[in-house]
Amino acid sequence: MTKIPGINHLNAVKAFEKAGFVIKRQGKHIVMSDGVRIITIPRNNPSNVYTLGGIVKDAGMTVEEFKKHLEGLTLT
């Protein structure tokens with residue numbers, strides 16, 4: 001399994017949006033859904049690697065798929 005780099009939570013949101021998720025609520029956490037799954041992204045910079053790995057798994061994606069969605073983004 002490939003590791004996920006610690007990234008800004010906004011970049012994670014952009015990557016999940018490319019995967020078909022939309023923002024449902026924002027506050028201390030960002031709640032996103034694709035109509036089937038609901039994920040919650042904490043507002044941390046950088047996001048904890050283990051937390052982000054769990055979120056990717058909850059989204060029904062592999063680490064490689066998530067990294068593909070990160071490619072091409074302007075990382076902040």
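This note walks through a few features of the structure, which is a predicted model.

1. An open sheet is formed by 3 strands in the order β1-β2-β3, and the pairing is antiparallel. Its edge strands are β1 (22–26) and β3, each of which pairs on one side only, while neighbouring strands are turned by 30° against each other on average, direction ignored.

2. Within this sheet, β1 is joined by 4 bridges to β2 (residues 29–33), and the two run antiparallel. Ile23 can be found standing opposite Met32 in β2.

3. Next come two of the helices. The axes of α1 (residues 9–18) and α3 (residues 63–70) come within 8 Å and cross at roughly 100°, and because angles of 65 to 115 degrees count as roughly perpendicular, α1 is described as roughly perpendicular to α3. The contact of α1 with α3 has, by class, 5 nonpolar, 2 polar and 2 charged residues. On the α1 side the residues are Asn11, Ala12, Ala15, Phe16 and Lys18, and they meet Phe66, Lys68, His69 and Leu70 in α3.

4. Asn8 sits in the segment before α1. Its relative accessible area is 15%, so Asn8 is buried, given that buried means under 20%. The side chain of Asn8 also makes a polar contact with the side chain of His9, at 3.4 Å.

5. One peptide bond deserves a careful look. Most peptide bonds are trans, but the bond from Asn45 to Pro46 is cis, with omega near -10°. Pro46 belongs to the loop between β3 (38–42) and α2 (49–58).

Definitions and conventions
Residues are numbered from 1 along each chain as its sequence is written. This is a predicted model: local features need pLDDT of at least 70, side-chain atom pairs count only at pLDDT 80 or more; totals for chains, interfaces and linings use all residues. Side-chain values use heavy atoms; hydrogens and water are left out. Axes are lines fitted to C-alpha atoms, for helices over the stretch in contact, and angles run from 0 to 180 degrees between N-to-C directions. Angles under 35 degrees count as roughly parallel, over 145 as roughly antiparallel, 65 to 115 as roughly perpendicular and the rest as oblique. Contact means heavy atoms within 4.5 Å. Ala, Val, Leu, Ile, Met, Phe, Trp, Tyr, Cys and Pro count as nonpolar, Asp, Glu, Lys and Arg as charged, and the others, Gly among them, as polar. Buried means under 20% relative accessible area, exposed over 50%, partly exposed in between (1.4 Å probe, protein chains only). A polar contact is a pair of N or O atoms within 3.5 Å; within protein, one must be able to donate a hydrogen and the other to accept it, and residues adjacent in sequence count only if both atoms are side-chain atoms. Two strands pair if DSSP finds at least two bridges between them.
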